[in-house]
Amino acid sequence: MKSRNLGGWWLGITVAILYLFLLAPIIIVVSSAFNAGEYLRFPPQGLSLRWFVRFSQSPSFVQAFKFSLWLAFFVTIASTVVGTMGALFIARYAHRARDALRILMIAPLQFPAILTGIALLIFFYATGIGTRGMRPLFLGHTLVTLPYVFLTVSTVLVGFDRSLEEAARSLGAGPLRTFWRITLPIIKGGIISGALFAFITSFDQFPVSLLLISVGNTTLPIALFDYLRFSFEPTAAAVSTLSVLLSVAIVVLIQRLVGLESIYWGGPR
Amino acid sequence: MAGVDAAVSAQAPAVPARRFPWVVLLIVPILIFLLIFFVIPYVNMVYMSFLVKPAEGAYIKQFTLGNYARALGDPFYWKILRNTFWYSLVTTVITLVLGYPLAYHIARVSRRWRGLLLILLISPLLVSVIVRSFGWMIILGRVGLINQFVKSRGGPELHLMYNAFGIIVGLVHVYLPFMALSIAGSLQNISPDLERAARSLGASPWRAFWRITWPLSLPGVFAGTLLVFVLAVSSYVIPILLGANNVLVMPMIIVQMLLDAFNWPLGSALAMVLFGLTAALLWFYIKLMNRALRWSVR
């Protein structure tokens, strides 16, 4: 009783309905992927994996899935390395420029992704970087995932006890050795969480991809989007389910590593 | 360098600061990356919006205000701008009304439950917007769940999608967690003891809430409404999937102008107009909110 001042049961019921509202579309998509019937029905008419089989036989979806996985993989490596370095510098050495640098690091998150996509499209054409292959997508995704890595790594650096490093240094370890043996193991959770965030953000990225894709280089969200505009088959539900499973795995991993609470700063995908 | 030294000594570190000039190398890659692939493209887009679009080709380097004249002079664009801001406003208000109870609950619930509820609140954010819109398509569609249910009871077919209603449902769903998390952030810093003290002095639960908790949570409300409005103005996926082409919003027009009409100068100008007007509205809102905050402290 001590935690309730207002609302009591009414608040509890309202909140339960709201959580249902938040989860409903995801639950519906996943359950209709296992539907045995020809159309999207709920409740499903029997259980079946036929739509997953249909997915595995669809060259366009399979190709897009693989492309998205590879893209997210490269993007994650780039933004994790570069973002972690930036976070380390700003947390420790930036001093006076700290606030200004921090604003710059988070800026790609504050600008609408669709505008960033447009700006990059025009820029890539103008400079001849072009819009073919994975390169423009790689650069665009790295840009929008950097703030997530920066934020998560910065969070663990705030609570970092520097005296551990000083102890290592005073015992004769060099700066690099100190980093590998002391600093890195301690901030590892934050780095991995940042990497996971970068991965899922790239994998689910839509607005930037929409403007930077080229023929033969389609990401999974774009393939799904094109599909949903014209047809309404359960294959799309099977594809979506795979994407949801990936997200669930990542939520569980982040929760294990640093706890989701540590990253709730309020910012978009 | 003197400035840096002064800053270092002002911080008074436990160990005398050693100078490693090479630590600057840590920040160089990200700075160069952001400069080339963020700052310059945006500046370039502003520049593009002042160029001339010839009949053939993308643009010629010749200064004009014509794109802005077209963007601001056409009633068609004004109608779409009004649509965009109106849907964003409605979304913001609904997410505020729904997000506040969520936030209040999560801030007051026991620690054991809080972790689980935060996961429920945050995990939808990690699921692709396309997938979530797809879920709503299955629920709201012409042969969707709601219509199947209504028809089985002999009711009429409801038009729940490919119109403004569908868009609002989708937008509210996507942005509700942002609102709830922003408000929860500021509610968490308010001790429940304050409300209890008011209660023990004879205030009714509602009075205690309106006089104590609500004013103190205004910074979170402020941050949440700003965030949701900005996100909703630039949303593209949901209006297209849940509104089809029956309802037009500005991001749809801008993307069309760039990808289909291949008119970069006008597309850039329209983007700047949307951005500029959003910034102006937010500036006005921030002024208003600051006054409200000062007033509530009194």
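Two residues count as in contact here if their C-beta atoms, placed from the backbone, lie within 7 Å. Before you click around: this is a predicted model, where local features need pLDDT of at least 70, side-chain atom pairs count only at pLDDT 80 or more, and totals for chains, interfaces and linings use all residues. Residues are numbered from 1 along each chain as its sequence is written, and chains are lettered from A and ligands numbered from 1 in the order in which they are written.

**Stop one: where the chains meet.** Show both chains. The contact draws 69 residues from chain A and 78 from chain B. On the chain B side, select residues 28-48: this is helix α2, which gives the most to the side touching chain A, with 12 residues. (Helices, H or I with at least four residues, and strands, E with at least two, are DSSP runs numbered from the N terminus.) Colour that side of chain B by class and you get 61 nonpolar, 13 polar and 4 charged residues. Nonpolar covers Ala, Val, Leu, Ile, Met, Phe, Trp, Tyr, Cys and Pro; charged covers Asp, Glu, Lys and Arg; the others, Gly among them, are polar.

**Stop two: a crossing of helices.** Among the residues meeting here are A:Ile28 and A:Val29 from α1(A), and B:Phe134 and B:Trp136 from α6(B).

Chain A has 11 helices and 0 strands, and its C-alpha atoms fill a box of roughly 70 × 65 × 30 Å along the principal axes. Now colour by pLDDT, the predictor's confidence in each residue, from 0 to 100. The chain A mean is 86, and 90% of its residues reach 70 or more. Look at residues 265-269 of chain A, where the pLDDT is below 50.

**Last stop: two loops in chain B.** Select B:Ala244, in the loop between α11 (237-243) and α12 (250-259). B:Ala244 has a positive phi of about 50°, though it is not a glycine. Then go to B:Phe262, in the loop between α12 and α13 (264-297), with a positive phi near 60°. Most residues other than glycine have a negative phi.
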